[in-house]
Amino acid sequence: MALEEYAGDMSMCCRCSACKFVPLQQVKGFKHANVCPSISRYNFHFYSGGGRLNLGYAGLKNGFQYVPRYLDVLYNCQLCGACDVSCKYGMDMEVLRPIQEMRIKAVEDGHPHPALETVVSRMRATGSMVPVAGRKRGDWAEGLGLRNALEEKVEILYHVGCLTSFDPERQKVARATARVLDRAGVSFGVLGEAETCCGGRAYEMGHQADFLAQAAKSKELVEKTGVKTLVTSCATCYQVYKVLYDRFGLKDELEVLHITQLLERLLGEGRLKPSRGQEITVTYHDPCHLGRLGEPWIHWQGKKIPGDRFVFDPPKPYRRGTHGVYEPPRRVLAALPGVRLVEMDRIKEYAWCGGSCGGVIDSNPEFAEWTAAERLAEATCTGAEAIVTASPWSEKLFAQVLAKNGGDLAVYDIVELVDQAV
Amino acid sequence: MALDKEIYAAFAGVVGEENICDDPALMPAYFFTDFAAVVLPKSTAEVQAVVRLCNQFRLQFRPICTGWTGFFRPGTVLLDLRRMDQIVEINEKNMYAVVEPYVTSAQLQAELFKRGLCTNLKGAGAQCSAMLRGHGHLDQSMGADDRNHLAVEWVTPDGELVRLGSLGSVGEWFSGDGPGPSLRSLISSVVPPSCTPGVFTKVAMKLYHWPGPTRYSLTGYSPRYLLAEKPPNMMARYYSFPTLDQMWQAEIKIGEAEIALELMGFNVAMVAANITTSNEEDEAMFKRLSQEVQGPGFFVIIAGNSPDDFAYKKKVLETIIAENEGMSLKSVEDPEIEGILLTQCTRISASVRETFRPGGNFKSIPIMGQRDLTIRWAVGAGQAKLPLIEQGLIADDGGGFFGWGVEHGHLGKTEIFCKFSPLNPEARKAVDAWAEQQSNRALEEKYFALTMGPPEQIDSKVGPALSNYHLWWYKVLATLDPNEVIPDKGVSKLHP
Amino acid sequence: MMIERKKLAETVGESNLYDDEATLEAYSRDMSFANPTRPRFVVKPHTATEVKELVKLARETNTPLVPVSSGAPHFRGDTVPSTGGAVVVDLSEMKKIVFVDRARRVAMVEPGVTFGELIPVAREEGIRLNMPLLPRSTKSVVGSMLEREPVVMPSYQWDVSDPLACLEVVFGTGDDFRTGQAAGPGTVEEQWAVGGRQKAPYGPHVAAWHRLVQGAQGTMGIVTWASLRCELLPQVQEAFLVGSARLGPLLEMARWLIRLRLVNECFVLSGLDLAAVSAQARPGHLQRLRSALPAWTLFYVVAGYEYFPEERVAVNIKDISALGQRLGLEPVPALGGISARELMKTVQQPSGEPYWKLRYKGGCEDVLFLAPFDRLEVLTELVARLALEDGLTVGEYGVYIQPTVQGTSCHCEFNFFYDPDDAQDVLRVKRLVAAAVRSLLDAGAFFSRPYGEAAGIVMNRDAASLDILRRLKKIFDPAAVMNPGKLCF
Ligand code: SF4
Ligand code: SF4
């Protein structure tokens, strides 16, 4: 859908500012009331969800002016969707959708972000979102003896994702995932060197055409394996296969699981029996893509009913962040002996973004790190010894920021903890 | 309408390059107005410096806290006070909190709950600034308007710093009046979007005892949070009455008996809006509730300081309701809905559901003052809405209005609005006409007069009808604002 | 220039114009240490029109006007002309109780109406006033509100301006103006016709005009009527006393009583003040009472209204007793020969004769200010030290602490009693008052209602506010004829 189709939504913005804060019922104190990294960092209203909609609405009316400040606003957004959830607590309107469309429009109008364009052209060339640097995609699995889903029939395809595959520091998560699945006796395979990027991050960067091209490649590959289920330990990949592909009609019948959902299932079935573990107090960071953005896509088509109200025929169901993947990771943590979970103030559908969404780590690393640092400070307030997440992107950024700024917090991917316990 | 280079540099010199924007391409984000610039001062000193520059360059300015709908003239310098966001002090012993403009009511309230205290939240919602003058759900027991302000730190239109009351004399916030006449007389409009004479940079707000929990324990996900367990000694009900007069009698008796934490004269359309998470649900719920009620009604929360206190208040409430043939709405007795209303209507977290969600816009006539008088006016104004509803120009709320007693019924607030789509010019025209007719009627029939109208109307009609206050106000403003940096002589209007 | 006698007589009538020696002498001084200054005339207008005419005359002729609404004795020097040639406008003849409205809990009165006059009329309707502590019987209700006198039921004082609602004022320009709901539309009579009762204090518009007139000591204009919010008459009331050698715990208790809205009347008196308030006009009675009283006493009243009043009282008493236990204090119905119930009756009326502040020694000079709860112990100790340095022990002066505005601060009043015929005594109190004001100011006491000599010191501490006030004064009284010289203008 193009931006024009959200004109009605954008006109609904009443400038109430709710999109700047966690849903008001969840404001727990002076601290941690903000939910939008962008306005929290840059302060002008146009960095908020509502301000962006106003710009979009005015742009549709009077034409877009791609002045530097506008581009700065456009690309300094995590596309984390927190504004969308907070707005939809009270309103019936789309917020994140038009914000995303504004970016796509900018790219189409010839105003991509240079740094993001570099990333996307790399994807075009290498099928990877991250620098390949002479490594091979399947290197991490060396010596593990994993099955190749293109060569052997398996029930589940483990899609590793670009960052986990190529980043030497993240490969441990892939290995841990494989070990755990193996111990649970899951019939799974990987694509090895053939695996390719899901394309989702290119979409968030505004490069819709590139996304679609890459998605077609990925889809073809997955189809080749014949699996009915895809599991991934990357929150972004999860959201892309589960939601974005669905939206563009690319998902078909494929069951898409995040590793935490599969682990929850395996624990429930008794196929995984955690028995050892360190005594540790942790807090859990909901990755945006697994949480609110991971809410399933709802296919709907309809028309606005003419008249006084912004209502549709048939009634329009909104994705409000209600059905994200919130509980599976928590249940997994609860099942690990010795692990005690303490929650941060901003969690689940109103979690503060970890900083690595929306291409910001590439377009403005300073903003990405600032966003992550806010999250780490919030985590520290809980008294936890470690922050656990379920996304390699946030894990990487957290580790990077902690290394830079100092702090006692340890960072884990949830799979690592499971791996230690079983 | 960007600034001259020299002027821009002067402002940037005060707030820093990163806190000023005069790019016309970005201005629509702020109220669709072509502001000369938006500046983000961080401190009182910066506000003063910015205001002085406005004087020097003869630029009109307006401040906003968290912002809300409003009408602003093109070419104005907007002081967005977002960076002034600190709670300066919570003084439990003397029951006040000092806040900067961008502390939200939600933040302050959450901190206060932890201390067994609360503040009056404005009906516009908990995302609004905690320092505003205004009205809200808790007016019954927590006052309203400028009456909740103590000392105020004020940057006058010409950039002087005035510290009211005890603040100016002894540097403390407990009193805003004196020595001698109170300068609170001039600043009771801590209520943008009406024009304020200068900028209020810190305000001490009166606090109230909070008998509820230190934090509501909630379950569920947005947009439907449920109360995990009902706090002790609290209860929420909606009562409807056979007649408006019986409703009014019950309302005033409840006020006199001082038993209600909250008495909110919601019509059922507003109850429906509050407890539902979409327009469709809302519509169905409104139909359902409309059939359940016997007539006009109100929503009440009672809360006891002790089990005995609660039992007493409940008994009195039930007696008063029975005396006036009131009937409790069964839907609200459902613990789930009761819980939603209890949390929603004390934390004021869903006001947009009542106002903006259906159509995207609403136009309101809010009146503070003598409740029985304004109710009588509102009945007529509500009836005048019916043709618009029939024509499908505004959302159907049954011609309802709402309101409540303030300070246990000593004062009152009545409000009526039309919800409509901003995309429908015909609707806006009809709603504007309705609003004009109804406010004219109020004036002609001597009920009240709206002072938030367009300046022309103030001069020709409203001012002369109200002791010529406008002439005095203009004189006051002229002495405070020699360079005329306050737009519209400080009598702005809410809507274009 | 000076208003001609003839013009004055034409305006108020010959019989309401006084320039005889005795009258002028009487209006030239009060019980305070203000320098006696004889007015040129005293007039007693009967209507707002007459007042308006007087202000116009004064403006034309640059004649100072000194408005007075209460009867003698006056204590604060605010009704004593600061300059020669003034005309005292004594409003005590404007005695109309315009209305008392039970349903809306509001009354409207002219400035000459005293507490003694309004209380029974209000009671008849089922409502009562939130009063200052034992006003003298001649005290004007309007005058008291205009002075922002503290009231004894702080729970009902939502705003410092309470119980004042609306007022009509003739500004120094000669223009009349009505504040709040009374401003319009229409005249007050037209408003009555549709059911309006002038109670809402707001506006018009973004100014709260009544606040400008309040606390001005007549320097902005002359008020010709005011309306006031009233409270319901309780059906059941029970009064209690709590004694303590220490002030702190009593204030802590008072704070909670108000915070939880458990009580109506609520204040703290020192032993001497409590004795003075309760003493009958028998020789030695005051002294005897005093000797049996603790240093400090908290007084409060628990009340019940229309619905199950006994139950409400019982519930509140139970909650209070839990509070008392927590603080180690015990509320009792009688203390040192003083019955709480009797005291309650006393404070629900104006003072009996002689006025309570004159009972001990015949004269009294007050030092009064606002302070936060947690500052009062320090401030009272500070004054005790100062007094002792001048040979006055704690028990020889009175202290009245009145929580205000629902417990956001306290009015604190030191009553320095003296024998007007004892020059030494007078001198010492003068000295002490001056020293106390200075020290208290430095220690954080806020003199929100500065009178007499203190006014200059106090007002000048806040130059920014004073500057604005001066500008306002120029607008509302450009000829500076309204009680000039009282508040630095
Ligand atoms: S986007 Fe939604 S939450 Fe934000 S200001 Fe607009 S209506 Fe309010
Ligand atoms: S998507 Fe995230 S960063 Fe962007 S405006 Fe919304 S809340 Fe802010």
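Which side chain meets that of Asp210(A) in a salt bridge? The partner is Arg124(A), with N and O 2.6 Å apart. The model is a predicted one.

1. **The Asp210(A) pair.** Asp210(A) sits in helix α11 of chain A, residues 208-225. Arg124(A) sits in helix α7 of chain A, residues 114-126. Arg124(A) is partly exposed, at 45%.

2. Over all chains, the count of salt bridges comes to 90.

3. **A pair within one helix.** In chain B, look at Glu283(B) and Lys287(B). Their side chains meet in a salt bridge, 3.8 Å from N to O. Both residues belong to helix α8 of chain B, residues 279-292. They are four residues apart, about one turn of the helix. Glu283(B) is partly exposed, with a relative accessibility of 32%. Lys287(B) reaches 52%; the cut-off for exposed is over 50%, so this residue counts as exposed.

4. Glu265(C) and Arg128(C) form a salt bridge through their side chains, at 2.9 Å from N to O. Glu265(C) lies in the loop between α8 (247-259) and β13 (266-270) of chain C. Arg128(C) lies in strand β7 of chain C, residues 127-128. The pair therefore ties together parts that are 137 residues apart in sequence.

5. **Domains of chain B.** Chain B is divided into domain 1 (5-80), domain 2 (87-209), domain 3 (218-354), domain 4 (361-444) and domain 5 (455-486). Take domain 1 and domain 2 of chain B. Their C-alpha centres are 23 Å apart. In the contact, 15 residues of domain 1 of chain B meet 25 residues of domain 2 of chain B.

6. Domain 1 and domain 2 of chain B bury about 1600 Å² between them. Carbon and sulfur atoms account for 65% of that area. Which three residues supply more than any other three of the area that domain 1 of chain B buries against domain 2 of chain B? They are Thr44(B), Cys65(B) and Thr66(B), with 35% of that area.

7. One salt bridge is counted between domain 1 and domain 2 of chain B. Elsewhere in the list of pairs, Glu160(B) forms a salt bridge with Arg52(B), with the closest N and O atoms 3.7 Å apart. Seven residue pairs are in polar contact across the interface of domain 1 and domain 2 of chain B. On the domain 1 side, α2 (44-56) and β3 (61-64) of chain B each supply at least two residues. The largest share, six residues, comes from α2(B). By class, this side has seven nonpolar, six polar and two charged residues.

8. **Which chains touch.** Two pairs of chains touch, and chains B and C have the most contacts among them. Chain A and chain C do not touch. Their nearest C-alpha atoms are 22 Å apart.

9. **Extent of the B and C interface.** The size of an interface is often given as the accessible area lost when the parts come together. Chain C and chain B bury about 7900 Å² between them, 58% of it on carbon and sulfur atoms. The contact takes 93 residues from chain C and 95 residues from chain B.

10. **Links across B and C.** Twelve salt bridges are found across the interface of chain C and chain B. Arg147(B) and Asp162(C) form a salt bridge, with their closest N and O atoms 2.7 Å apart. Residue pairs in polar contact between the two chains number 40. On the side of chain C that touches chain B, helix α16 of chain C (residues 463-476) gives the largest share, eight residues. That side has 47 nonpolar, 18 polar and 28 charged residues.

Key. Residues numbered from 1 in each chain as written. Chains lettered and ligands numbered in written order. Predicted model: local features only at pLDDT ≥ 70, side-chain atom pairs only at ≥ 80, totals over all residues. Heavy atoms only, no water. Salt bridge = Lys/Arg side-chain N within 4 Å of Asp/Glu carboxyl O. Buried < 20%, exposed > 50% of the residue type's maximum accessible area, 1.4 Å probe, protein only. Domains from an automatic or database assignment. Contact = heavy atoms within 4.5 Å. Buried area = accessible area lost by both parts, 1.4 Å probe. Polar contact = N/O pair within 3.5 Å; in protein donor to acceptor, adjacent residues only side chain to side chain. Nonpolar A, V, L, I, M, F, W, Y, C, P; charged D, E, K, R; others polar.
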